[in-house]
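Trainee: I have a model open on my screen and would like to learn how to read it. Could you walk me through some features, one at a time?

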Amino acid sequence: MGKEKREREKNGVSGGRVPLAAIVLGALRRTLFLFPLTSLVSPLTLSLLPLTLCVSRLSAQLPEDEPEFPQEGEEEDSVGADTVNTTARYLKEQAQLNVRVPVLPAVGVEGPRPPLTRIVFTHDSIEWANAATVSDLLTQVPGVYLWRGGYIGRPELVNYRGRGASSVEYFLDGIPYVAAGIDSIAVDPALFSLELLDRIEVQRWSGQLQVHLFTRQHDRLASRSRLAIARGDNDFARYDAELQRRFQSGIGFTLAADYLSSPTASGVKSDYSNTQIWAQGSYHPTSWVGLQYQLIRSAPNRRPFIVNTGGVNDTIGPGYKGTRSDAQLRLSLRKSKGELGPRADLIYSRTGWDGAGLDQQIDQLGGYLTYRTPVFSLSGSAFHRTRWTPLDARVTVGLSPVGPLSASAELIHMTHFGGRASNYANLAAGLEPVRGLSLTGTARIGTMVAAPAILTDPKQDVKDFQAALGWNRARLGFEVSYSRTSAFRPFGYADFPNVPQLAPSSATEWLTASVRLAPLPWITLETWYSDPRGVSPDGIPPKLSTSAATLRSKFLREFPSGIFDLKLRLSMDSWSPGTIGRDALGNPINLRGATFFRSLIQFQLDRFSLYWDRGNLTSSKLTYVPGFAIPSLGSVFGVRWEFWN
């Protein structure tokens, strides 16, 4: 009997029970029959190796139907006992999951804020979004049109309310993320790696978006690691690895890397690759003091986008190879352990770009002073910048004196090279008379310089207003807004030289509506629609909309522990014919109306997840920007696996 038992244990079978590995593999087999697996065999082979090792370790910790030690009359095993108590070590490390350690608080997004002014993408929504880039996520913001320059890795610039390169301000962990490289006006959000981000907050104003990107903050004593592998058509590949560790002494570190290779999928030549590295070190001797240094280094290699027109190759998108480094050193001091009370943050950052014949260094030194109570917040920030904008100073106030009423104001003063200055205010006030119902008004008033890097660009007046009515409950949500943007002289994008300029726009009125309907807890239907009244500004088509149908269920009857999660999503982008911009002679460049469909299938089993993302399901020959074709049925298969301890 003892010999038979030991023989079963050698073969991975104990007490007649099915091993955990068989359960996992069985679930994978039942789910993966939906997918063509030829592109995923190699990544799954690599990713299932740690699963096998992990399961074999866990199987030793599961309770047995029979006693562990030989019974009376059984022969003793000649192999000596293991000197390491694996179960005790595992339980000790698991207990560290419940031990929280201090992290640096987020800066630049202090509340209270009126309703309908902010959209937040949490870690879960980023993981489960039908998005490969930050740009993809931003298409969920009503009114955003994405200038897609082809497949994943090609430029994806945001146009909001026809403001061109001035549509969005980006902040990385509280620091203004300045444009550098071949485009010194606009930031390409496609260059950010979603794998390094934990939270994204979008502050919506009537004529501009403020996008705050926050890297992961590890707040547990237990170590955390993560692996991700994706493969797709035309040898598309993406590999991610991350390790985070904190110690009782207050020291912590993070190491992460993201490699992306996106070969030519449209045009004659349009391949792209990028290797991004993130290193972070922190020291928190107490809950009131924190010091952190981080470095994010990316090395984009974007080949020229070449198309064949009438048998002649033509380059319509520039290529470059460069390296961008963003280093940040931050000291945070606060009086209390929570978010309330006074806080001071001193920050130094250095941005470097080397490539495409350019060598740029941009230093920023400054910080935040913040004071917050449950109903009031006051924050001031000031940064000296060594390039284009020597001073960037802001004061932000948030107030919620009574339950249904809230208001916020942001006063901004920036001085630019050439004796120019931007001075404007972002104002918002909201009322929630009953639960779920919101009424909000926003205004953006003052003067601003659209392109500080261009010394001949003068300041221009800005008077943007918006009123919004919204309802938000579990089964139904909607928002209807009317906004008016003032006349503006926008700049185009250096990544699209075939659209060299955007025509100045006159004052424009916009109608925007969004609806979310959940007839059942596991079904969500949502859409947003935006349309200018009258002539549409260059760069953004009229009757713009994005819609999606999502099915998501944990199958709690079959998996009551919540270990399983499944998401099916079908989305659609649609717009009417418009004008994308002007050629060198000032003639309009027409943009044809189009509709694109995209699908996502994703499931999760504990901390292991698999997804299949497929775009342009109808094989449309139309484009987001003329000349930059979107590949038909472009597919990406991927797996992610997260480990604790």
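Mentor: Gladly! Let's begin with aromatic pairs: rings of Phe, Tyr and Trp pair if their centres lie within 6.5 Å. Please keep in mind that this is a predicted model.

Trainee: How many aromatic pairs does the structure hold?

Mentor: It holds 22 aromatic pairs. A pair of aromatic rings is described by the distance of the centres and the angle of the planes. Take Tyr-145 and Trp-575: their centres are 5.3 Å apart and the planes stand at 85 degrees, an edge-to-face arrangement.

Trainee: Where in the chain do Tyr-145 and Trp-575 lie?

Mentor: Tyr-145 is in strand β2 (residues 144–148) and Trp-575 is in strand β29 (residues 564–575), so this pair links distant parts of the chain, 430 residues apart. Both Tyr-145 and Trp-575 are buried. For contrast in geometry, look at Trp-641 and Phe-643: with centres 5.4 Å apart and planes at 15 degrees, the pair is stacked, because planes under 30 degrees apart count as stacked. Trp-641 is buried at 9% relative accessibility, and Phe-643 is buried with a relative accessible area of 18%.

Trainee: Which residues do ring pairs link into a cluster?

Mentor: That cluster consists of Trp-147, Phe-305, Tyr-493, Phe-496 and Phe-628. Rings can also have a charged side chain over the face. Arg-148 lies over the face of Tyr-624, at 5.3 Å from the ring centre, and Arg-163 lies over the face of Phe-488, at 4.5 Å from the ring centre.

Trainee: Let's turn to strands. What is the order of the strands in the open sheet of 5 strands?

Mentor: The order is β1-β6-β7-β4-β5, and the pairing is mixed. The edge strands are β1 (118–121) and β5 (175–176), each of which pairs on one side only.

Trainee: What about the backbone? Where is there a cis peptide bond?

Mentor: A cis peptide bond joins Gly-111 and Pro-112, with omega about -5 degrees. Pro-112 lies in the loop between α4 (86–95) and β1. Another backbone detail is at Asn-234, which has a positive phi of about 55 degrees although it is not a glycine. Asn-234 sits in the loop between β8 (224–232) and β9 (237–246), and at 47% relative accessibility Asn-234 counts as partly exposed.

Trainee: Now the charged residues. How many salt bridges does the structure hold?

Mentor: The structure holds 40 salt bridges. Side chains of opposite charge can pair when their charged atoms come close. In one of these salt bridges, the side chains of Asp-136 and Arg-598 meet at 3.4 Å, N to O. Asp-136 lies in helix α6 and Arg-598 in strand β32 (residues 594–605), so the pair ties together parts that are 462 residues apart in sequence. Both Asp-136 and Arg-598 are buried.

Trainee: Which residues are linked in a network of salt bridges?

Mentor: Glu-127, Glu-195, Asp-198, Arg-216, Arg-224, Arg-226, Glu-242, Arg-640 and Glu-642 are linked in that network.

Conventions: Residues are numbered from 1 along each chain as its sequence is written. This is a predicted model: local features need pLDDT of at least 70, side-chain atom pairs count only at pLDDT 80 or more; totals for chains, interfaces and linings use all residues. Side-chain values use heavy atoms; hydrogens and water are left out. Rings of Phe, Tyr and Trp (its six-membered ring) pair if their centres lie within 6.5 Å; planes under 30 degrees apart count as stacked, over 60 as edge-to-face and the rest as tilted. Helices (H or I, at least four residues) and strands (E, at least two) are DSSP runs, numbered from the N terminus. Buried means under 20% relative accessible area, exposed over 50%, partly exposed in between (1.4 Å probe, protein chains only). A charge sits over a ring if NZ of Lys or CZ of Arg is within 6 Å of the ring centre and within 35 degrees of the ring normal. Two strands pair if DSSP finds at least two bridges between them. A salt bridge is a side-chain nitrogen of Lys or Arg within 4 Å of a carboxyl oxygen of Asp or Glu.
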